[in-house]
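Try each task before reading its solution.

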Amino acid sequence: MRLSSSLRELIGKRDFYAGGLMLLLGLGITLKGSSYRGGTLMHMGPGFLPTALGIILVLLGISIAAASLSGDGDGDSHGHGGGESILPEHPQWWAWFCILMSPIAFIMFGRYFGMLPATFACVFVAALGDKTATWKGTIILATVVTVFGVTLFSYFLQVPMPILTFRGEL
Amino acid sequence: MIEAALSGLWYGFGVALEPHNIMWCFVGVLVGNMVGVLPGMGPLATISILLPLTFGMKPVGAILMLGGVMYGAQYGGAICSILLNLPCHPPHAVTCLDGFPMTKQGRGGVALGLTVFASFVGASWGITEMIFLSPILVRVALQFGPAEVCSLMLLGLLAGSTLARGSPIKGVAMTVVGLFLGSVGTDLETGSERYTFGMTELDDGIELIALALGLFGIAEFMNSVNQVAPINTKYTNVSIKDMRPTKADMKRAFFPMWRGTIIGSLCALIPGTGPTIASFVAYATEKKISRHPEKFGTGLIEGVVCPEASTHSSVQGDFIPTMSLGIPGDAVMALLLGALMIQGIVPGPQLITQHPDIFWGLVASFWIGNIMLVLLNVPLIGIWVKMLAIPYRFLYPSAMFFVCIGVYAANNDFFQVGEVVVIGLFGYILLRLGFHPAPILLGFVLGSRFEENFRRAMLISRGDIFVFVERPISAVFVALCALLIGSQIYFRLRGAKADLEPAAENIVSGVPPELAAQRVSTPAE
């Protein structure tokens, strides 16, 4: 995936966005928190601590972002991200989508059809994310995990979820 | 004092040797050992996946098993580092430096054998420390009022977030996010709902399991999917015969092993400096005092046993503040505390007296578990090595299923499976922005207790915020907090590295930065 240089520079300011995200999160927490009763120091209401946390987060967000703009960064180039770009070297949009859809498939199939199809769908969708995945291999993997998983969770651990059902009220 | 500790230990062995407890301990260390070997699966994800399975169990069995996963994974991680040059688990990153060259020279078996031995020594020392230190800590901590508890928690949270990996200020931000997430749901004191946005499913707060599995399961999978290189299994043929060290090896390994153990146990006492920092410091120290530092990195046995002993001694030592004060030092400990809380047990200094079976049973099980691990690792090394070949494309979809069913089984509620998706996406964004999500869990687990104690302290002092510096013990904690923040700012202004790890990383410059992170990378071959 090639990006133009200006765009690359923009997403290269990782800490700027990190600070910005914290700032927004803090603002949201503070605004919502101030709608709850704050109370006094002696008798604190439910809104006191969250609002205080929100304000602290705003301040932290500002200082993270400010440090990135002042040029010295914060020296955290050896973090998880590695490098200063937000996106990894080879973005895996399809794999990310598959991983996030896998629990959603589990919810959908689990709610209407039971544990057996839910397990199969969950593993199947997740496995499609791998770039070397083949239909055959994916189906085999999903079948194996389904047999093993349903045996373990339904028979041994007695998770109260019907194995196979149909609830028509879609 | 010593007598009480020994009789407690005796009682603990009685608890830990009950058949079902010994079985759970075995299951724990076996699973831990296995996932420790598997690249791309950490103890955090594993403990979170196993957590829902423990709901039906007795608290003792549950905590023995989850604890077993934690230290079992440390044994497995060493195998990965030495034979494959894959530091899948951060504490073992330095072990690669001398462990893998030894493997290339055909002495990988010896390195493994001595590692298992050094690990056992380190762990035993950590356990001994726990036996004698915890009761003393508890006796002090029982005098604490809400103000002291509050400032101690503050110290723990600050240390946990600033001394751990990465940028200190980002760590603090993560802790604050964690504290906030802990406040979602019904407020315990006033009963009003906070940040539920009308969703009744959130009334009980965010589910710990959903949070842990989102941050350390889904976010990690998104991070490593399609990034994992095929594993080089060229050197993995190791038999039991190869593992027996010679007398000369034993002699050379003896003192480094003890130095590592001591360093690890000291690191365990400072909250926030977990096994990762302990192993880096141990390696750096060993290199510094060695008569031929230039030979490090070419396959010296000292460079393998010292960090490994220190890792294990620190892992066991980490349980001290967790079990005796209720203040976890890192995310794994926070998760274990969370497991106790789910079982209805309040962590804190009263734990040892109120639930002696849990505390002493856990201590005794450490020894039993460590002996099991030594016995397991020697004959099973061939099987572990074969497990290394399991490709990631089979691993993560299966793990996704365990994530889904685990979160569902916690409350039989599909809503929480949805929660895990949202948290996972959020966690991945945080990862990409250079945050380490571990302190979130720390803040989350301590959140409600922190708020409760803060409120109580304010009520007792009639709203006087200075109570925290007026009471002497609390003032010490506050002073330590200030010292911690002050030193971070000071080092920052001077341009020097404040946290220990990058400093150690400079010394061991052989490890590329991304190897130190919990991520599987290409082997350097």
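**Exercise 1. Find which residues of α4(B) and α15(B) meet.**

Solution. On the α4(B) side, look for B:P59, B:A62, B:I63, B:L66, B:G67 and B:M70. Their partners in α15(B) are B:V332, B:L336, B:A339 and B:L340. Contact here requires C-beta atoms, placed from the backbone, to lie within 7 Å. Helices are DSSP runs (H or I, at least four residues), numbered from the N terminus.

Before going on, note that this is a predicted model: local features need pLDDT of at least 70, side-chain atom pairs count only at pLDDT 80 or more, and totals for chains, interfaces and linings use all residues. Residues are numbered from 1 along each chain as its sequence is written, while chains are lettered from A and ligands numbered from 1 in the order in which they are written.

**Exercise 2. Describe how the axes of α4 and α15 of chain B cross.**

Solution. Start with the angle: the axes of α4 (residues 59–84) and α15 (residues 331–342) come within 10 Å and cross at roughly 165°. Therefore α4(B) is roughly antiparallel to α15(B), a term for angles over 145 degrees.

**Exercise 3. How many residues of α5(B) are buried?**

Solution. Helix α5 of chain B (residues 95–104) has nine of its 10 residues buried, meaning 20 or more other C-beta atoms within 10 Å of the residue's own, all placed from the backbone. Among them are B:C96, B:F100 and B:M102. Next, look at the cover, which includes α4, α6 (108–141) and α13 (302–317) of chain B. Finally, B:G106, with a positive phi near 85°, follows α5(B).

How values were computed: Axes fitted to C-alpha atoms, helices over the stretch in contact; angles between N-to-C directions. Helix = DSSP H or I, 4+ residues; strand = E, 2+ residues; numbered from the N terminus. Parallel < 35°, antiparallel > 145°, perpendicular 65-115°, else oblique. Contact = placed C-beta atoms within 7 Å. Buried ≥ 20, exposed ≤ 12 C-beta atoms within 10 Å, placed from the backbone.
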